[in-house]
Structures are given as structure tokens and as C-alpha cells.
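Reader: I have the sequence and the structure open now. Could you take me through a few places, starting with a single residue?

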Amino acid sequence: MEQVRGRLFVTVAGFGGLLLLTLVTAPLLGTTSISLARAFDRAMPFADNPDAQIFFVARLPRIMAAALVGGSLALAGAIFQALLRNPLATPDTLGVSSGAALGAMLAIAFHFDFAVAGLSSVSLSSLAGAIGALAIVYMLATARRRGLSTTVLLLAGVTMTAFFSALTLFVQYMSDFADTFRAVRWLMGALDVGSYAPLLAALPLTAIAFAMVAGLPRPLDLISLGADAAAARGVNVQQAERLALVSASLLTGAAVSISGPVAFVGLVVPHIVRLVVGSDHRLVLPASALFGATFLIGCDLVARTMFAPIELPVGIVTAIIGGPFFLWLLVRRT
Amino acid sequence: MKRPVLLVLAACLTVAAADAVPRRVVSLIPATTEMIFAMGAGSRLIAVSSYDKYPPEAMKLPRVGALLDPDTERILSLHPDLVIVYGTQTELKRSLDRATIPYYSYEHRALPDIMATVRAVGARIGYAAQANSLASSMERGLAEVRGAVAGRPRPRTLLVFERDRATLQNIYASGGYGFLADLLDVAGGDNIFADVKQQSVQAGTEQILARRPDVIVELRYGESAKNVDPSRDLRAWDSLGSVPAVRTKRLVILVGDQYVVPGPRIVQAARELGRALHPEARWGP
């Protein structure tokens, strides 16, 4: 126990330090050079201070969004991979982000014309879509009292994904050309939120999910060995699985409502982390969240500066940077 | 022996010549549909695309799909003798080739290309003179707009054609290439993204804050033209208070399909854009 505590400290300090470094550096970098002295100059009214606006309106919310989305997706990926005992599981395996995509597509195609507390109708209905998908998966998984069967969950998830994707394509096909373009672009992910409202809206859900995750590491360790083995060691498998399912889905839904689906983070970050810290979930979960945040802030930095003034969709950058990096780690290890 | 062969050949050539002027034209692009109606050749059209909304007469014609979903079977069954397709519709072109139906391949480009297309389509359907006078009158109209704003200070302009309502997410603006960029130039504005040689630029908030436009013009067309409420829709920009356009409240919404259909109504679009950028200039009725 002492030993794990020591390793946990090292892991959190290491990955946390990396995240802190990224959080401090990223707002200083961008396509325009700004003066920090001017940005923090209280004497100048905020509305007349371009440096302050670039720092506090354009960069800071964007970096915080990247941290929140990256951390949530990576953590959700780690949980799904353990819960489903499948290394290929991602935050989308159970259809949550496909449900979110359908919600966003409906909002775009039917021009839902409302906004609540600075949140666009697209964000709101993608969140509704994610929660709807989660509800369906949860009902399917608990329909039979015996608890969740991994195989059933996986199959249900794949089916839901296909179903929602087909509905999304159907709506897309029937809609206006400009709307189709917007929808395709939404599916590539974007972090330029332009205000703190989307973050504040997603924060309560994310906080609830993080609180639920706190009790998960030990049960997940045992569940990844097999449900029976876990039950024999005194784990309430059914309860732990439900907790894992709901928390990971909440994380995914909240993240997707901010940025749209960002590919690859949820799949690959947990694996990178496991290559570094091993498979103990007491280490994997916090390290995934911390490294996911770092990774996405870094990718978004590339997305917004590499081809400036043109921006790349961040979902493209994550796979282009993450893919080769992950392959290199794999090869080096074997 | 030779003479009958020649006669048959001559007869064939005559038929071919008579057929050379298409009388059953299908237009799959709203811009070319508008051109054909404007040059007075509307009676030659037998079908249009599902995006066509102007002029009202076009709405009465059968609709045979559009850019991504042309109804090839329906098009073939109408026995057209010319189909105006978009450059990227390769599948459709292949089907038309197999059916030996001639097509005219069109693509959106810069502003002068609109007049060039008017002339080319007109010549192709036997309306060369009418097309020429239409194109010339469009050129005169654009020159008038240029004249009206000449010598006035040109405001640095952000021309937005796509944005999430209520937030500043997913902003797409005109880059330095294409008919919208040219239209802005004619209307007396300097595009803040002129250095990006693309038709569209995803404009991040940092870029907008750094490039400091004097005027922000948003275009609303198609479905997004419904429920336009400028005071509510423009509120999202308030968070970029250091941008001159926001501080001096030079934020404009222009509504209508004429801004995005590169056809004859582009002259009207240029005039309205010019009026929005230079309200103090002298504008005719």
C-alpha cells in the first residue's frame, strides 16, 4: 500500500507537472505576439485592450476547453477499456458521441434557433443526444437483472453507433449543402469556444463524473481480471460497472458538447499512459486525465499556429501526432 | 454511286447542325439557371436542381437532384440535349457520356468568371447576343458600384458567411479568392483575410482580435435567412469589444441568396454590400 502511494505521488507529480508546464506556456504562444504586461494592465479598460482580449477571450477559454475535453476523453477511454476488457474501446464505443453527433446534426439541419446562457443550440442538443444515448445503453444493460454483460454492452454499443450514424447521415443527406458542410466540420472537433459559457455548462457534469470515478480504480483492477474473480474478492461488480458506465459516458457527453468529437485522444492516451506507469488503475486513471489534458492542449497549439492564419480541425492533429508517437512507443517497448 | 453517299452525309450534317443548338437544357446549378432565365432563354430549360429558388418560374420546373445527389435516371428520362453540371460531378458526367448527352461543366470561381460563364452558356444554347448584352450590363452595374465608392476610405472588413448562432464558434469568412472576395473589393472594402488565397477561412477569435476589422458583415441565406433579428444575433460579438467594428457598432447582417449565388443578381449584391460599407456614398434608387 505504501509503495502504491509512493508511485501515485510520483505519477501525479510527473504528469501534473507536465500539465502545469503546458498550461502556463500555451497561453503565451499563438499566431499574434501579445504583451503580457499590457494584457494584465488593469489601468486600461478591458474592452479597449486587444492584448488582454486575445489572452482572456481567445486563448484562455480555448486552452481550458482543451484541458477539460482532453482530460475527460482520456479518462473515459481508460474506464471503457477496463470495463469492456477491450483495448480498442474508446469514449465512442457505446454510442455516446454518435448520439451527441445526431443531436448536433438535428440542431444544424433544423436551425434550432435558441441559446441558453451563452450555449449554442448545437452544444445543447449534442449534450441532449449524448444523455439520450447513455440512457438507452443503460436501459439495455440493466434490462436483465443479472448485471451488465460485457459482450452485450459492446454489441449494444456498436449497434447504437451504427444506428445513430445512419440517422445522422440521413438528416445530413436531406439537408441543405451549407448545413452538411457545417455538420461535417463539427464532426472534426474544434476548441475555439470564444467564451467561458460552454465550459461552465459542462463543468457540473464533469465534476459529478470525476467524483464517481474516485471510487473506481480498485474495482476496475479486479474487474479487468474477470467479473467472477472480482466478485470473489468482495467487489460489488454490478454497482461498480454501473458507476463506471455512467461516469465515463457523462465525461464523454460533456466533452463532446464543448468541442464536438475529438478523435484518438480517448483511444491512445490511456495506452501511452499504461506503457509508462503500468496497468494499476490507481495510477492509470489520474495519469490518463492529466496526460489527456496535456496532449490535447499541445495538439490544439499545433492546430491553431502551424498553418496560421488558417486553423486545422484539432481532431485531425490528434491522430496525425498521436498515431506515429504511439507506434514508436509500441515498437520501442517490444 | 458517290452522289447518294454525299447526299446522306449532307443530310446528316444538317440534322447535326439543327441539333447543335440545345432546346432541352437541364441546369443543376442555381447560378446557371438564373443566368439562362436572365438572358431570356428560360423556355429552353426543362429541369433544374433541387436548390433552385430563383426566379419564380424556375420553381415550376421539375427538380432533378443537385450537387451531391443528382437523379441520373430522372435526368436521362427527360431526354435533355444539354446538361449543365458542376465540375466535380464526375459520376454524372460518365453516365451522360455513356448516354451520349452533351454537358457543360461549370465551377464557382472569381467574379469575372461569372460574366464569362454567362457568355459561354449563352453561346452554347444559341443566345450569344442576349448573353453578351446581359454580361455587359452586369459589368456596367459592377463598374457603377466601383465608381460610387471610389476615393472613399476602404474599411477593413470581415465578411462572415457562416457562424453558430448566439456564439462566436465555427466562424467561416471569405478569404482572398473567389467571387465573394471580389465582390467585397468592388463594394469598397478591404478583406482582413485577403492574404489567405482561399474561398473560405475558418476565422478564429484570435485572428479577428488581431486583425481588427472596422466592419463586420454577416451574410444570411437559405435556411439561415429565416428569423433574422440583428440586435439579438449580433450580441455574440460584444465579447470582442476591442475590435473597432464592435466598438463603433459597425456590424451588419445582409439577408438574401443573391450573395451566395454567383449569377446575374451579383450586381444587386455588390450594390447592397457597397451601401452597407459606405452608407454615406451616393446611391441611386
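Author: A:Gly6 is found in helix α1 of chain A, residues 2-25, where helices (H or I, at least four residues) are DSSP runs numbered from the N terminus. This is a predicted model, in which local features need pLDDT of at least 70, side-chain atom pairs count only at pLDDT 80 or more, and totals for chains, interfaces and linings use all residues. Residues are numbered from 1 along each chain as its sequence is written, and chains are lettered from A and ligands numbered from 1 in the order in which they are written.

Reader: Why does A:Gly6 count as exposed?

Author: A:Gly6 counts as exposed because it has 10 C-beta neighbours inside 10 Å; a residue is exposed if 12 or fewer other C-beta atoms, placed from the backbone, lie within 10 Å of its own.

Reader: Changing topic, how many residues of chain A are in contact with chain B?

Author: 34 residues of chain A are in contact with 29 residues of chain B, contact being C-beta atoms, placed from the backbone, within 7 Å.

Reader: And which element gives the most to that side of chain A?

Author: α3(A) does, with six residues on the side of chain A that touches chain B.

Reader: Now chain B, what domains is it divided into?

Author: Chain B is divided into domain 1 (15-142) and domain 2 (151-277), with bounds from an automatic or database domain assignment. The contact between them takes 15 residues from domain 1 of chain B and 15 residues from domain 2 of chain B.

Conventions
Helix = DSSP H or I, 4+ residues; strand = E, 2+ residues; numbered from the N terminus. Buried ≥ 20, exposed ≤ 12 C-beta atoms within 10 Å, placed from the backbone. Contact = placed C-beta atoms within 7 Å.
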